[in-house]
Amino acid sequence: MLIGQFHRLDGNKAVGIDRVTKAAYGENLDENVMSLVKRIRRGTYQPKPARIMEIPKEDGSKRPLAISCVEDKLVQLAVSDILSRIYEPLFLPCSYGFHPGLNCHDALKALQQQTFRNWKGAIVEIDIRHYFNTIPHTELMELLRRKISDRRFLRLIEVLITAPVIAGKQSSSNEQGCPQGSILSPILANIYLHHVIDKWFDEISRSSLRGRVKMVRYADDMIFTFQFQREAERFYNVLPKRLNKYGLALHEDKSQLLPAGHSAALKACQSGERLPTFNFLGFTCYWGTTRNGYWRLKFTSRKDRFAAKLKGLRDFLWKNLNSDKRQTLNTVISVVRGWVNYHGISDNQRRVGQFIHQSRRIIFRWFNRKSGRRRLTWEKLALILKMLGYPAKWKTRSLFQAR
């Protein structure tokens, strides 16, 4: 199994502190794997410290990412696969993050359908403060013991989540949390929220809350929809206590209770206002009208991330003024194509068109800046980009068709 997992590893990812690449580890794959298996069975396996890299977030803070060594990634991938086989049949339909056959578009589609049914309801948007880095190990291991009895396997999980990390030049043990970047973090984060939020919300929605009550969760991003605003208020008041019980904290600045539905949007429009917007999975969610005049939830790419992506493309091109043009453009086109494939959904065609146009303008300026004088015309650029497969058109993914 470990040899099979090795071939699944991405060899282009950053290397750990030992600087060993996938190719180097694979030169003596059988010997390395047999040595690893013996250490795991004897209980002497100890992962090397993970290197922490910090990447900036939209609010000015930084998100720490853990970069493990190849051998440790191999063990994490194997453990993650075993846990997925155990827990995937148990996860509820409201969870969409890191599950086979599900993606962000499925979560957006479910959210749109839920809000359209509640004409005079409410939405609760939830953000957990530093979720991945604050998952308490004691509570997590206790939840795992409810389903798993193999002590050696549980011990291996505990060894992996408490592996030391290196920030700067200082090494320290990881006493809480499952750092993002670790292959094991997504499944453990899903297991924890499955018990803390999903099952609990499913129970109280049947026993304590009136009307249609649903939720959509993608990892730690959660939206709850209610038919009646009074029920949303009750839930919003009790949720912080539930999170605190399991060592988590509500991010009050990023969490809110909002009116929602056709009637609420129509009433706001008649008074010259609009219902408040909120963000979910890289999109700004707002209320707009359908062709028949009904109000429904729509999605558009977030302005801050839209501008940040264009700035990133501009900075990349300017750093590669003296690099090979074709290779540099292929990288840019790959990024643009990925952005368009994700953001090309219903109601967002205009923003996608703007992104393609602005990225072409950036490439045009880069070409003429690189040559020192304006020799490239728009017609020549269009031919070059067409030859390289620049996405001038895209297929809009509908959020109305059934899966």
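The legends below describe several close-up views of a predicted model.

**View 1. The three domains of the chain.** In this predicted model, the chain is divided into domain 1, made of residues 1–90 and 139–172, domain 2, made of residues 104–131 and 188–299, and domain 3, covering residues 303–388. Domain 1 and domain 2 have C-alpha centres that lie 34 Å apart. Where these two domains are in contact, 11 residues come from domain 1 and 6 residues from domain 2.

**View 2. The interface between domain 1 and domain 2.** The size of an interface is often given as the accessible area that is lost when the parts come together. For domain 1 and domain 2 the area buried between them is about 900 Å², and 76% of it falls on carbon and sulfur atoms. On the side of domain 1, the residues that lose the most area to domain 2 are Tyr87, Leu140 and Leu143, which together account for 46% of what that side buries. The elements that give two or more residues to the side of domain 1 that touches domain 2 are helix H4, spanning 70–87, and helix H7, spanning 137–145. Of the elements on that side, H7 gives the most, with 4 residues. Sorted by class, the side of domain 1 that touches domain 2 holds 7 nonpolar and 4 charged residues, with no polar ones.

View 3. Side chains of opposite charge can pair when their charged atoms come close. By the rule used here, the count comes to 12 salt bridges. One of the pairs is glutamate 71 with arginine 39, whose side chains meet in a salt bridge with an N to O distance of 2.9 Å. Because glutamate 71 lies in helix H4 and arginine 39 lies in helix H3, residues 29–42, the pair ties together parts that are 32 residues apart in sequence. Glutamate 71 counts as buried, at 12% relative accessibility, whereas arginine 39 is partly exposed, with a relative accessible area of 24%.

View 4. At 64% relative accessibility, arginine 85 counts as exposed.

**View 5. Aspartate 347 and its partner arginine 296.** The side chains of aspartate 347 and arginine 296 meet in a salt bridge, at 2.9 Å from N to O. This pair links distant parts of the chain, 51 residues apart, with aspartate 347 in the loop between helix H13 (325–343) and helix H14 (349–371) and arginine 296 in strand S11 (residues 295–301). Arginine 296 is buried, with a relative accessible area of 10%, while aspartate 347 counts as partly exposed at 23% relative accessibility. The backbone at aspartate 347 has a positive phi of about 75°, although this residue is not a glycine. Elsewhere, salt bridges that share partners join Arg210, Glu231 and Arg234 into one network.

**View 6. The surroundings of threonine 134.** Threonine 134 has its place in helix H6, which spans residues 131–134, and its relative accessible area of 19% makes it buried. A polar atom of the side chain of threonine 134 lies 2.8 Å from the backbone oxygen of histidine 130. When residues up to four places away in sequence are not counted, threonine 134 touches Arg129, Gln176, Gly177, Gly247 and Leu248.

**View 7. The loop at leucine 281.** Leucine 281 is placed in the loop between strand S9, covering 278–280, and strand S10, covering 283–289. Although leucine 281 is not a glycine, it has a positive phi of about 55°. Leucine 281 is also buried, with a relative accessible area of 11%.

Note on methods
Residues are numbered from 1 along each chain as its sequence is written. This is a predicted model: local features need pLDDT of at least 70, side-chain atom pairs count only at pLDDT 80 or more; totals for chains, interfaces and linings use all residues. Side-chain values use heavy atoms; hydrogens and water are left out. Domain bounds come from an automatic or database domain assignment. Contact means heavy atoms within 4.5 Å. Buried area is the accessible area (1.4 Å probe) that two parts lose on being put together, summed over both. Ala, Val, Leu, Ile, Met, Phe, Trp, Tyr, Cys and Pro count as nonpolar, Asp, Glu, Lys and Arg as charged, and the others, Gly among them, as polar. A salt bridge is a side-chain nitrogen of Lys or Arg within 4 Å of a carboxyl oxygen of Asp or Glu. Buried means under 20% relative accessible area, exposed over 50%, partly exposed in between (1.4 Å probe, protein chains only). A polar contact is a pair of N or O atoms within 3.5 Å; within protein, one must be able to donate a hydrogen and the other to accept it, and residues adjacent in sequence count only if both atoms are side-chain atoms.
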